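Here's a quick briefing for anyone opening this structure for the opening look. Have the sequence and the 3D view at hand as you read.

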Amino acid sequence: MTFHGGPDGGPEPRYDFSTNANALGPNPVLLAAIRRADLSRYPDPSYGALREVLAAHHHVPAESVVLGAGASELIHRLVRVRAGAVLALGPTFGEYAHAARAAGVGYREARSREAFLRGLGNAALAFLAQPNNPTGELFDADFVREAARRASRYGTWLVFDLAYAPLTGAAVSALEGAMRLFAPNKAHGLTGVRAGYLIAPSQNLAARLVGAAPSWVIGAAEVAFLRAQAGAEARNWLQGTLPVLLAWRRQLAGLLHERGYEVREGAANFVMARLGEDAAAFLRARGLRVRPLADKGLPDWARLSAQPLEALAALAAALEERG
Ligand SMILES: Cc1ncc(COP(=O)(O)O)c(C=O)c1O
């Protein structure tokens, strides 16, 4: 198991800064589509119509689209199918390391862009979260191009994990010659729906990944979700939330900064702050949950997502009390 944000086994806190799901969600358009799904039958096992919809949305052939029970499941499947050393650029999403451990292959986390580029020569599979979690860092087009160029030279599978890309509101560089991984449940505030997809650069590679999944890897609710999120109505809702999330993130960063905490504000709907080692427990006891980053080698840092003003006020009051 990897530690994510969200439920921690305890009672649900009043204010949850620990998950990166869009705090204005769930997207009502998608919720309605999910509720209309027919759960009494198996979905089409080849997911033909859904793959066509996603393919048309991304201007790729339907045969390049691979569906998964969440991006996490696709990460594990990629690692299992590739069956070789995994590289990532840390600190980053813990599921890459978890998948490598589960598959019994090596895992290395480069600590700089240069080390990542050098490491591509010794890796079978590399992940680049764009933007990254927990830093929110968005990698520039030159770096992305160089990573893709080297990966292609060494025969390394390079995966751009675009889980938070729709939440940046910015142009996100990811090369079409590499793999692109999508996890729309975050941007639409529906992380309880376990559905993601991947676009492979070749149909042959996509077929290998599809062949490694169990039959009916996603259910009818997930089919309805993935189909509707590609539609204009769902995407318009998301676009409308971005200015609000950005304003909340700026206010969050501002209130932490004013209280003397070091803050890293990236491109997505969350920030990293150096709150101190005991902060998560202190805040949890006061009804606020943040995501501690000790498991990423950052024991005095936490990740906090953009939340409504009432939650920000509660955070400010708790930090005041902490002194
Ligand atoms: C960078 C990144 N990729 C993928 C995922 C997993 O997404 P899913 O909920 O679709 O498994 C997460 C979830 O936290 C993430 O942070």
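Predicted model: local features only at pLDDT ≥ 70, side-chain atom pairs only at ≥ 80, totals over all residues.

**A pair of packed helices**
- Helix H3 (residues 71–82) packs with helix H4 (residues 95–103) at an angle of about 45 degrees, so the two are oblique to each other.
- The axes of H3 and H4 lie 9 Å apart, and their crossing is right-handed.
- On the H3 side, the contact is made by Ser72, Ile75, His76, Val79 and Arg80.
- H4 brings Glu95, Tyr96, Ala99, Ala100, Ala102 and Ala103 to that contact.
- Sorted by class, the contact of H3 with H4 has seven nonpolar, two polar and two charged residues.

**Two domains**
- The protein splits into domain 1 (15–25 + 234–322) and domain 2 (28–231).
- Their centres, taken over C-alpha atoms, are 25 Å apart.
- Where they touch, domain 1 puts in 28 residues and domain 2 puts in 26 residues.
- On the domain 1 side, helix H9 (232–258), strand S9 (263–265) and strand S10 (270–273) each supply at least two residues.
- H9 gives the most there, with seven residues.
- That side of domain 1 has 15 nonpolar, seven polar and six charged residues.

**Around the ligand**
- There are 13 residues around the ligand, and Gly70, Ala71, Ser72, Ala163 and Ala183 come nearest.
- This shell divides into five nonpolar, seven polar and one charged.

Methods. Residues numbered from 1 in each chain as written. Domains from an automatic or database assignment. Contact = placed C-beta atoms within 7 Å. Helix = DSSP H or I, 4+ residues; strand = E, 2+ residues; numbered from the N terminus. Nonpolar A, V, L, I, M, F, W, Y, C, P; charged D, E, K, R; others polar. Near = placed C-beta within 6 Å. Axes fitted to C-alpha atoms, helices over the stretch in contact; angles between N-to-C directions. Parallel < 35°, antiparallel > 145°, perpendicular 65-115°, else oblique. Left-handed = near helix turned anticlockwise from the far one by under 90°.
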